[in-house]
Amino acid sequence: MPDPVHEDLCPLCGRPNHCGAHATGRCWCCDATIPPGLLELIPPESQRNACVCSNCVDAYRRDPDVFRANLKG
């Protein structure tokens, strides 16, 4: 059985994602371009259920291969 999805945690690194989807404003990611390759790394149960954090987006943009190698799990 997969772990439960925590909306407030990044599904890739497990740290707070600072999602604003449930706040009065919009989430930072609504205006961000998330690399398609990064989106493919999100576990299926978390897709469209938890935001990736900006740190993971930045790290993936710097070097996708290093990011994948350091990805937990």
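This is a predicted model: local features need pLDDT of at least 70, side-chain atom pairs count only at pLDDT 80 or more; totals for chains, interfaces and linings use all residues.
Biologist: How many residues does the protein chain have, and what share of them count as buried?

Modeller: The protein chain has 73 residues, and 27% of them count as buried.

Biologist: Among contacts with a separation of 6 or more, what share comes from residues 24 or more positions apart?

Modeller: Such residues account for 62% of those contacts in the protein chain.

Biologist: Which residues make up the largest nonpolar core?

Modeller: A nonpolar core is a set of buried nonpolar residues joined through side-chain atoms. Here the largest one has 11 residues: Cys 10, Leu 12, Ile 34, Leu 38, Ile 42, Val 52, Cys 53, Cys 56, Val 57, Tyr 60 and Phe 67. Helix H2 gives the most to this core, with 3 residues.

Biologist: Let us take one member, Cys 56. Where is Cys 56 found, and is it buried or exposed?

Modeller: Cys 56 is found in helix H2, which covers residues 54-62. Because its relative accessibility is 4%, and buried means under 20%, Cys 56 counts as buried.

Biologist: Which residues does Cys 56 touch, not counting those up to four places away in sequence?

Modeller: Cys 56 touches Cys 10, Leu 12, Cys 13, Leu 38 and Phe 67. Of these, Leu 38 lies 18 residues from Cys 56 along the chain, and the C-alpha atoms of the two are separated by 8.5 Å. Cys 53, also in the core, is in contact with Cys 10, Cys 13, Pro 16, Asn 17 and Trp 28, leaving aside neighbours within four places in sequence.

Biologist: Which backbone oxygen atoms does the side chain of Asn 17 reach?

Modeller: A polar contact joins a pair of N or O atoms, one able to donate a hydrogen and the other to accept it. The side chain of Asn 17 reaches the backbone oxygen of Glu 7 at 2.9 Å and the backbone oxygen of Cys 51 at 3.0 Å.

Biologist: How many salt bridges does the count come to, and which residues form a salt bridge?

Modeller: Side chains of opposite charge can pair when their charged atoms come close. Here the count comes to 1 salt bridge. Arg 68 forms it with Asp 65, the closest N and O atoms being 3.3 Å apart. The two are 3 residues apart in helix H3 (residues 64-70), so they are separated by about one helical turn. Arg 68 counts as partly exposed at 38% relative accessibility, whereas Asp 65 is exposed, with a relative accessible area of 56%.

Biologist: How many aromatic pairs does the structure hold?

Modeller: The structure holds 1 aromatic pair. Tyr 60 and Phe 67 form this pair, with 5.8 Å from centre to centre and 80° between the planes, an edge-to-face arrangement. Tyr 60 is buried, with a relative accessible area of 7%, and Phe 67 counts as buried at 10% relative accessibility.

Biologist: Turning to the backbone, which phi values do His 18 and Arg 48 have?

Modeller: Most residues other than glycine have a negative phi. His 18 is not a glycine, yet has a positive phi of about 55°. Arg 48, likewise not a glycine, has a positive phi of about 65°.

Biologist: Where are these two residues found, and are they buried or exposed?

Modeller: His 18 is found in the segment before H1 and counts as exposed at 67% relative accessibility. Arg 48 is found in the loop between H1 and H2 and is exposed, with a relative accessible area of 88%. That loop also holds Ser 46, which is buried, with a relative accessible area of 9%. Ser 46 touches Val 5 and Pro 11, not counting residues up to four places away in sequence.

Technical notes:
Residues are numbered from 1 along each chain as its sequence is written. Side-chain values use heavy atoms; hydrogens and water are left out. Helices (H or I, at least four residues) and strands (E, at least two) are DSSP runs, numbered from the N terminus. Buried means under 20% relative accessible area, exposed over 50%, partly exposed in between (1.4 Å probe, protein chains only). Contact means heavy atoms within 4.5 Å. A polar contact is a pair of N or O atoms within 3.5 Å; within protein, one must be able to donate a hydrogen and the other to accept it, and residues adjacent in sequence count only if both atoms are side-chain atoms. A nonpolar core is a set of buried Ala, Val, Leu, Ile, Met, Phe, Trp, Tyr and Cys residues joined through side-chain atoms within 4.5 Å. A salt bridge is a side-chain nitrogen of Lys or Arg within 4 Å of a carboxyl oxygen of Asp or Glu. Rings of Phe, Tyr and Trp (its six-membered ring) pair if their centres lie within 6.5 Å; planes under 30 degrees apart count as stacked, over 60 as edge-to-face and the rest as tilted.
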